[in-house]
Amino acid sequence: MRNMGDSGTSGKERDSNVSSVSSAYGPANGAPSIELHNSDCAGGMETLVDGTIDVVVTSPPYNIGTAYSSYDDTVSRSDYITWLESVALKIRNKLTESGSFFLNIGSSPANPWGPFEAVLMLRKHFHLQNVIHWIKSIYIANESYGKKTEINVGHYKPINSNRFLNDAHEYIFHLTKSNSVPLDRLAIGVPYKDSSNIARWDIGSGNLRCRGNTWYVPYRTIQSRERERPHPASFPPEIPEMCIRLHGIGRTKRVMDPFMGIGNTALACRKLGVACIGFEIDPQYYSASLKLLSDGETATSGTACGE
Ligand SMILES: C[S@@+](CC[C@H](N)C(=O)[O-])C[C@H]1O[C@@H](n2cnc3c(N)ncnc32)[C@H](O)[C@@H]1O
């Protein structure tokens, strides 16, 4: 098993000594390039020029014992945090001064501290501009003007326990260098419930308001995990799509995902027409990402923005 690549030195563009297989989509037909590398992201990021990535959207291993095909997700918490810090410092070097780093981390009922330990470590290097909650499943009972409605949506893994709740959310930490990166909030806005409120509160346009920091994004229902989602811990492509839209498509020339998995960030980038570079250490997931990209968006994407 190969884990936690050599952190190396940060720096300027140079010849890569990364043993990577790479694949690029797009430039041939004039579309922004989608560049995927089967390599350790630590070495891979070394080959990039500093300050050239506008948005990083990524989900690293969570250190909760997920059964990846090759990565060992059971290393000690202190080794994990040390490694994550070395990766985060490389991300910081590659990010533009006004860039956004969206870090998705989940936990498990038996390992609840991980996201908090990670974000506290990151406090040394980034501002925590927003905390977003990715909601995978929710039940809402609502009564409005005497009318009762019930919503019961999404997917979750049931936990058989008398002390733990079913785990139905993950964090997306929005980290920046300045704490004042402007956002295109209405790019992922939601309709006002009562349009008479617009005059009172509106600082935007149309009948959209800011979505807020609770994003309901369910997994798409699939028939075959092996064929349609061959990875134990992927996010839906709507997650990177919403992050990139929120940062602002007009301000995003290049996106990076250092932990690409089966390529959902690349799929989102291709849909949005922005360039993307990604790294994935596992050859099996890397191959799956190439296949999902060549099969087309219909293979993995659901409705845009989790509506
Ligand atoms: C939580 S998953 C990311 C899933 C991805 N967001 C998706 O939707 O498919 C983390 C991934 O990081 C990969 N990984 C672990 N260590 C790595 C490293 N040093 N460099 C690149 N990828 C690595 C694992 O193989 C795993 O696929």
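Leaving aside neighbours within four places in sequence, with which residues is Cys243 in contact? Cys243 contacts Val55, Val57 and Phe102, where contact requires C-beta atoms, placed from the backbone, within 7 Å.

## Basis of the model

This is a predicted model, in which local features need pLDDT of at least 70 and side-chain atom pairs count only at pLDDT 80 or more, while totals for chains, interfaces and linings use all residues. Residues are numbered from 1 along each chain as its sequence is written.

## Nonpolar core

The largest nonpolar core has 55 residues; such a core is a set of buried Ala, Val, Leu, Ile, Met, Phe, Trp, Tyr and Cys residues joined through C-beta atoms within 7 Å. Among the members that touch the most others are Cys243, Val56 and Phe101. A residue is buried with 20 or more other C-beta atoms within 10 Å of its own, exposed with 12 or fewer, and partly exposed in between, with C-beta atoms placed from the backbone.

## Helix H2

Helix H2 covers residues 77–94; helices are DSSP runs of H or I with at least four residues, and strands are E runs of at least two, numbered from the N terminus. Its buried residues are Tyr80, Leu84, Val87, Ala88, Lys90, Ile91 and Lys94. These residues lie on the same side of H2 because they cover an arc of only 160° around the axis, taken from the directions from the helix axis to the C-beta atoms. The face turned away from the buried side carries the exposed Ser78 and Asp79. Packing partners of the buried residues include helix H1 (41–46) and strand S3 (53–58).

## Tyr219

Tyr219 occupies the loop between strand S11 (214–216) and helix H5 (225–228). Tyr219 is partly exposed, because 16 other C-beta atoms lie within 10 Å.

Key:
Contact = placed C-beta atoms within 7 Å. Expected span 1.5 Å × (residues − 1).
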